[in-house]
Amino acid sequence: MSSIDPGEPGSAPSGRRRRKAAILGVTAVLALAVVGYVVAAAALSGKVPPGTRVAGVGIGGLSPAAAESRLRREMAATAARPVTAEVAGKRVRLSPDAIGLSVDYPGTVAAAGGGWPSPAGVVRALLGTRELAPRVDVDEERLTVAVAELATTVDKPAREGRVSYRGLEPQAVLPRAGRALDQAEAARTLRAAYLQPDGPVPLPIGVVRPKVPASEVGRVADTTARTAVAAPVKLTNGSRQATLTPGQLAAHLRFASDGDGAMRPSFDAASVAVELQDDLIGADLAPKDAGFTIVNGKPRVVPAREGRGIDAAALGRSVADAVTGGGSRTVVVPVTRGKPRLTTEQARGLGVAEKVGSFTTAHPCCAPRVTNIHRIADIVDGHVVMPGETFSLNGVVGERDKARGFVEAPMILNGRYVNAVGGGVSQFATTMFNAVFFGGFQDVQHTPHSFYISRYPAGRESTVSYPQPDFRWRNDSPYGVLIKTSYTSTSLTVQFWSTKRFDIESQSSARYNVKGFATLTDSGPRCIPMTGVEGFAIDVWRIFRKDGEVVRKQKFHTVYTPEPSLTCGAGS
């Protein structure tokens, strides 16, 4: 039988009392914390947490609206500050608005908080501070466009190598790397640099490599290009034959990148097809452009005619293959149905109705240069310059050579007279220049002689050589221009027929800055005597009148160097 000692207190009831007291204490603490949190949260609710700063601007304790207003005010200068970029060695200041960057003020305030805060948020608000970065709004389309426009000022395409000819000698233009702005990375860089106080940010530039390396261009110039013009090419059309000389091949043959790492030959057969059409097709079978004849002082249209013609594009491909393929250098000429370049109806609509410009120059009879003057006049006679077209004398006539009837005659080269095939044709250029002058057409390129030549009007003359200097003028009228040439043994005339637009008057200044000439002697075998002429400057005005009123004036300034007096000694 058990018994309880009445002197010892019971252990179970006292342990329960202690646990109950502990639970009540914890509950009280938690209750106080909750009450504190609720009170603090209620006080902070609807406001940006205290201690919050955005880009150095304090917005803690403000309502979202007030915080946004303060940010807009305090950050206005920073938000509008241009982004300075460094690209290709240059600094560029870019307006944030222009590149689509701006501060997202509502988003920034929302990120800072302002609703019912979490317990951690209450603790952070009561005990600490925080610095937030402003959020940035990006107009992607505007940024993309701005970076693309910047790229146009930076990008340089790679220059592909090419091979052409000077005479029969291949001339290589070596490739050169280009550069290109990395637009995607540049856009990311600009976004990151916005609102940052640091200096210019470099934008990434990439290297653009040529498709064909310099070694391949050099190899083509040293081997393939030389072989291509080492022998003539024979052209055949049935029983008809013609030959492309090495010189003709070199004048129209080029090697350029094919886009896949190799060099591709191309032969421009357009002018060759025109030159050889009569030989390979026959004048009676070839198409004939509409033309003009002058009858009783009036232009009359000569009808066009269709016929058989050389397919210039196909001929160009065939010749390029023949000179680089290593096989036969005989090409069967591709023939197609040929249409005239100027139809009868087109000719009738050109407004070729009256003489609008004419000029005549004189020369001594019977010198070799007269042969050249007559030959170039025959080539140009009847040529029609279309509205808006630029006439190039070298482009129409080509290189003067003996095969086409030109002969050696004196010309000016490096301040001395020398004999050259085609010498003297500057008289034709001068005569045509004056027809252009009085016809009221646009002068594009004319080069006065270095010395004054007395048979030409001072300040209104032009030299020409091949390939430069050229003589070019533009038909800046809405009408066609028919060129008619004629000559005698002592004179040359160039006429322009079109629709008259202006009455032209020429006025000249007195000669000024006159300089004397030197007296020289030479005993060289190729010496050509020179008479000696003073140098001077002169101004010429072309005055345009319409219905009697002056509508425009154009000034031409010319400076002539002294022509020395040169006596050739006995050894010449």
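In this predicted model, helix α6 and helix α7 meet through a set of side-by-side residues: Glu140, Leu143, Val147, Ala148 and Ala151 come from α6, and Gln183, Ala186, Ala187, Leu190 and Arg191 come from α7. Sorted by class, that contact holds seven nonpolar residues, one polar residue and two charged ones.

For α6, which spans residues 140-154, and α7, which spans residues 183-193, the angle is about 120° and the axes lie 10 Å apart. The two helices are therefore oblique to each other, and their crossing is right-handed.

Valine 145 also belongs to helix α6. Is valine 145 buried, partly exposed or exposed? With a relative accessible area of 43%, valine 145 is partly exposed, because that value falls between the 20% limit for buried and the 50% limit for exposed. Valine 145 sits 38 residues from glutamine 183 in sequence, and their C-alpha atoms are 10.0 Å apart in space. Glutamine 183 is one of the α7 residues that meet α6.

Now to α13 and α15. Helix α15 covers residues 426-439, and its axis comes within 8 Å of the axis of α13, with a crossing of roughly 50°. That angle makes α13 oblique to α15. Which residues make the contact? From α13 they are Arg369, Ile373, Ile376, Ala377 and Val380, and from α15 they are Gln427, Phe428 and Met432. By class, the contact of α13 with α15 has six nonpolar residues, one polar and one charged.

**Backbone points worth a look**

Most residues other than glycine have a negative phi, and most peptide bonds are trans. Here are some places in this model to check against that background.

Alanine 88 is not a glycine, yet its phi is positive, at about 55°. You will find alanine 88 in the loop that runs between β3 (83-87) and β4 (90-94). Its relative accessibility is 34%, so alanine 88 counts as partly exposed.

Cysteine 366 is another residue with a positive phi that is not a glycine, and here the angle is about 80°. Cysteine 366 lies in the loop between β22 (354-362) and α13 (368-380). At a relative accessible area of 63%, cysteine 366 is exposed.

Another runs from glutamine 468 to proline 469, with omega near 0°. Proline 467 is placed in the loop between β27 (442-445) and β28 (472-474), and proline 469 is in the loop between β27 and β28 as well.

**Two strand residues**

Threonine 558 has its place in strand β36, residues 549-560. Its relative accessibility is 3%, so threonine 558 counts as buried. Leaving out neighbours within four places in sequence, threonine 558 is in contact with Pro448, Gly459, Phe536, Ala537 and Ile538.

Valine 421 is found in strand β26, residues 416-421. Valine 421 is partly exposed, with a relative accessible area of 29%. Which residues does valine 421 touch, not counting those up to four places away in sequence? They are Arg400, Asp401, Lys402, Phe406, Val407 and Glu408. For valine 407, the separation from valine 421 is 14 residues in sequence and 5.0 Å in space, C-alpha to C-alpha.

For quick reference, here are the accessibility values of the residues discussed above.

| Residue | Relative accessible area | Class |
|---|---|---|
| Threonine 558 | 3% | buried |
| Valine 421 | 29% | partly exposed |
| Alanine 88 | 34% | partly exposed |
| Valine 145 | 43% | partly exposed |
| Cysteine 366 | 63% | exposed |

**The whole protein**

Stepping back, the protein has 15 helices and 37 strands. Of its 572 residues, 37% are buried. Among contacts with a sequence separation of 6 or more, 71% are between residues 24 or more positions apart. The protein exposes about 30,200 Å², and carbon and sulfur atoms supply 53% of that area.

Key:
Residues numbered from 1 in each chain as written. Predicted model: local features only at pLDDT ≥ 70, side-chain atom pairs only at ≥ 80, totals over all residues. Heavy atoms only, no water. Axes fitted to C-alpha atoms, helices over the stretch in contact; angles between N-to-C directions. Helix = DSSP H or I, 4+ residues; strand = E, 2+ residues; numbered from the N terminus. Parallel < 35°, antiparallel > 145°, perpendicular 65-115°, else oblique. Left-handed = near helix turned anticlockwise from the far one by under 90°. Contact = heavy atoms within 4.5 Å. Nonpolar A, V, L, I, M, F, W, Y, C, P; charged D, E, K, R; others polar. Buried < 20%, exposed > 50% of the residue type's maximum accessible area, 1.4 Å probe, protein only. Areas by Shrake-Rupley, 256 points an atom, 1.4 Å probe, with all protein chains shown as cover.
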